[in-house]
Amino acid sequence: MTVHDLPSDVRTASTDTDPLLHPLLAERRSPRAFDPAHEVDEAALRSLLEAARWAPSAVNRQPWRYLVGRRGDDTFATVFDTLAPGNQLWAGRSSALVVGLARSLDDAGEPVPHAPFELGLSVAQLTVQAHALGLHVHQMAGFDAAALAQRFEVPAGWAPMIVLAVGLLGDPDDLPEHLRARELAPRDRFPLQEIAFAGSWGEPAVA
């Protein structure tokens, strides 16, 4: 199943998407309804990680790492155990759980202040690549980072920042009612005039 197989109310990008926006961005969603029968194969997983690997990075420091679990393996189960209960309601049906970690300290023990930003760039590329393959990604901040770091013996200087659920779209009717309503709601964002300024704060950069 791809985004085009879903009813229009499920795949609506937003009410005001710019027509010049690339479909990979316009159609991207962060679903909770995943197909529990889908298994992400090695080639697709490698493609996602390659997209993440080639993200921009200051002085090519590449301050990101990933922990990758596929449904049914020990890594997936361990990551799932650290998720917040609300995320456990649906994330177990995804095909993979991927943890993004950022380097908080360099080899000299000095902070790496831009590492979370650069991890974000890397995750964004993974997310767009997933959509190009007909997959979807839901990013979660609701997890126990300390427990995850302990379980995987993450070395000092690295911080788990985000967990990604990756998989094929499933049936929203399989979700609890309160999550189903959110799944079917149209995407929306603040207008450009409220987020991009020029001249002075609050003055829109574009009409």
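1. In this predicted model, the buried residues of helix 6 are covered by elements that include helix 2 (23-26), helix 3, strand 1 (64-70), strand 2 (96-103), strand 3 (136-140) and strand 4 (158-167). The residues in question are Ala115, Glu118, Leu119, Ser122, Val123, Leu126, Thr127, Ala130 and His131. An α-helix has 3.6 residues a turn, so residues three or four places apart point the same way.

2. Helix 3 (residues 42-53) packs against helix 6 (residues 115-132) at an angle of about 145 degrees, the two axes being 7 Å apart. Their crossing is right-handed. Helix 3 contributes Ser47, Leu48, Leu49, Ala51 and Ala52 to the contact, and helix 6 contributes Ser122, Gln125, Leu126, Gln129 and Ala130. Sorted by class, this contact has 6 nonpolar and 4 polar residues, with no charged ones. Ser122, Leu126 and Ala130 of helix 6 take part in the contact and are also listed as buried.

3. An unreviewed UniProt entry lists "domain: Nitroreductase" for residues 26-69 and 108-167. In the model, residues 26-69 are 30% helix and 14% strand, with end C-alpha atoms 28 Å apart. Residues 108-167 are 42% helix and 25% strand, and the end C-alpha atoms of that span lie 39 Å apart.

Terms used
Residues numbered from 1 in each chain as written. Predicted model: local features only at pLDDT ≥ 70, side-chain atom pairs only at ≥ 80, totals over all residues. Heavy atoms only, no water. Axes fitted to C-alpha atoms, helices over the stretch in contact; angles between N-to-C directions. Helix = DSSP H or I, 4+ residues; strand = E, 2+ residues; numbered from the N terminus. Left-handed = near helix turned anticlockwise from the far one by under 90°. Contact = heavy atoms within 4.5 Å. Nonpolar A, V, L, I, M, F, W, Y, C, P; charged D, E, K, R; others polar. Buried < 20%, exposed > 50% of the residue type's maximum accessible area, 1.4 Å probe, protein only. UniProt positions renumbered as here; feature names shortened; annotations may be inferred.
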